Amino acid sequence: MTTPHDQLPVFRSRLFDGQVALITGGGTGIGFGIAQLLAELGATVIIASRNQTHLEPAIEQLRAAGGKADSLILDVRDSDGVKAAIRSVADRLGRIDVLVNNAAGNFYVPSESMSANAWRSVIEIDLSGTFFCSQAVMPIMRDHGGGRIVNISMTLHYRGWPLMAHATAAKAGIDAVTRTLALEWARHGIRVNAVAPGPVPTEGVKKAFSAPPDAVPDVFSVERAMEDYARRSIPLARMGSPRDIANMVAFLASPAGDWITGSIMVVDGGEWLQKGPH
Ligand code: NAP
């Protein structure tokens, strides 16, 4: 989903010229939106995830738009694999200036029936993955005089969110890691911040809005449900777009963010403030 605002050029062109940005989960959804914006602004973007079938078409699209882009196969849960993969990027390109920890694996499940595997899997992808990638990129940034890490969080843990015990726990952990790494690594010139998006209708989110499987198929029902939700629950009365989130990532990664570290920026049209208790 794009909005009319998505077309407006907000940042000066070539803002990230000569820089390398690594985006986990950069082949789909919000991560791809971040990759598109950073590539438009001159960065060489490396999009990293497990699945080449996500990455290949994304790379083609980024390059067709004139971007410098490459892919990296990596599972953020595997700390040794992450170290080797991220080191290979630095060896090839000489630097990594920006890391966006965006990869996640969230799904709805009642806590009483959540398997240990489901719990572990989300904690490992969202929280451990963010930590492992940050740890792997740290010496590269430090030896290069600094860098910027932006973690993608959420707002659902501010009040609690039914069926999302694993993801809310993981994202609360990401907020804690953001603040702690900001304190530990500021002396190396590494700024660590987070962006907390409200609802952005990526494929994963659309599934959550889908009609039950036995309902009469209606191709517009998901869109209607989302519009209805936005009217009722979002003060700015629309769902977010990947560009809304990407704009905040670019801001934090740019010199405009030079005195910002350990911050968690909510980008949600005011949704979480308005939400009543369940
Ligand atoms: P998405 O399209 O489902 O993207 C998730 C990405 O993570 C995929 O590209 C996936 O690629 C990658 N990934 C999953 N497991 C991985 C692993 N073990 N190692 C490496 N990569 C892995 O999700 P999205 O909706 O764009 O969300 C992006 C981020 O925004 C997430 O952190 C999410 O929690 C956050 N967020 C989203 C919303 C929203 O409304 N969409 C709201 C709040 C926060 P592979 O399958 O190829 O590995």
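This is a short talk on one protein chain, from its overall build down to single residues.

Good morning. One caution before the tour. The model on the screen is predicted.

Let's start with the whole chain. What does the secondary structure come to? Nine helices and seven strands. Along its principal axes, the C-alpha trace spans about 55 × 40 × 35 Å.

Now the radius of gyration. A compact globule with 278 residues would have a value near 19 Å. The protein chain has 18 Å, so it agrees with that expectation.

How much of the chain is buried? Buried residues make up 50% of the 278 residues. Next, the surface. The accessible surface comes to about 13400 Å². Carbon and sulfur atoms hold 56% of that.

Contacts next. Take those between residues at least 6 apart in sequence. Of these, 74% join residues at least 24 apart. Keep that in mind when we reach the single residues.

And the charges. The chain has 26 positive and 27 negative side chains. The centres of the two sets lie 5 Å apart.

Now, single residues. Buried ones to begin with.

Find Ile46, in strand E2, residues 44–49. Its relative accessible area is 0%, so Ile46 is buried. What does Ile46 touch, once we skip residues up to four places away in sequence? Val20, Ala21, Leu22 and Ile23, then Asp70, Ser71 and Leu72, and also Val89 and Leu93. Arg12 is 34 residues away in sequence, and the two C-alpha atoms are 21 Å apart in space.

Move on to Met226. This residue lies in helix H7, which covers residues 221–233. Is Met226 buried or exposed? Buried, because its relative accessibility is 1%, and the cut-off for buried is under 20%. Val200 is 26 residues from Met226 along the chain. Their C-alpha atoms are separated by 9.9 Å.

Glu271 is found in helix H9, residues 271–274. It has 3% relative accessibility, so it counts as buried. Which residues is Glu271 in contact with, leaving aside neighbours within four places in sequence? The list is Thr155, Gly198, Pro199, Tyr229, Ser233, Ile234 and Pro235.

Arg77 is in the loop between strand E3 (68–73) and helix H3 (79–93). At 29% relative accessibility, Arg77 counts as partly exposed. Its side chain makes a polar contact of 2.9 Å with the side chain of Asp75. Leave aside neighbours within four places in sequence, and Arg77 is in contact with Arg50, Ser121, Glu124, Ile125 and Phe132. How far is Arg77 from Leu127? They are 50 residues apart in sequence, but 9.0 Å apart C-alpha to C-alpha.

Next is Arg120, in helix H4, residues 116–143. With a relative accessible area of 47%, Arg120 is partly exposed. His166 sits 46 residues from Arg120 along the chain, and their C-alpha atoms are separated by 8.0 Å.

Last topic: backbone angles. Most residues other than glycine have a negative phi. Two residues here deserve a look.

Arg14 is not a glycine, yet it has a positive phi of about 65°. Where is Arg14? It lies in the segment before strand E1 (20–24). Its relative accessible area is 57%, so Arg14 is exposed.

Leu163 is not a glycine either, and its phi is positive, at about 75°. Look for Leu163 in the loop between strand E5 (147–152) and helix H5 (165–185). Leu163 counts as partly exposed, because its relative accessibility is 39%.

A quick recap. The chain has nine helices and seven strands, and its radius of gyration agrees with that of a compact globule. Ile46 is buried in strand E2, while Arg77 is partly exposed. Arg14 and Leu163 carry the positive phi values. Thank you.

Terms used
Residues are numbered from 1 along each chain as its sequence is written. This is a predicted model: local features need pLDDT of at least 70, side-chain atom pairs count only at pLDDT 80 or more; totals for chains, interfaces and linings use all residues. Side-chain values use heavy atoms; hydrogens and water are left out. Helices (H or I, at least four residues) and strands (E, at least two) are DSSP runs, numbered from the N terminus. Buried means under 20% relative accessible area, exposed over 50%, partly exposed in between (1.4 Å probe, protein chains only). Contact means heavy atoms within 4.5 Å. A polar contact is a pair of N or O atoms within 3.5 Å; within protein, one must be able to donate a hydrogen and the other to accept it, and residues adjacent in sequence count only if both atoms are side-chain atoms. The radius of gyration is taken over C-alpha atoms; the globule rule is 2.2 Å times the number of residues to the power 0.38. Accessible areas come from the Shrake-Rupley method with a 1.4 Å probe; for residues, only the protein chains shown count as cover. Lys and Arg count as positive and Asp and Glu as negative; His and the chain ends are not counted. The place of a charge is taken as NZ of Lys, CZ of Arg, CG of Asp or CD of Glu.
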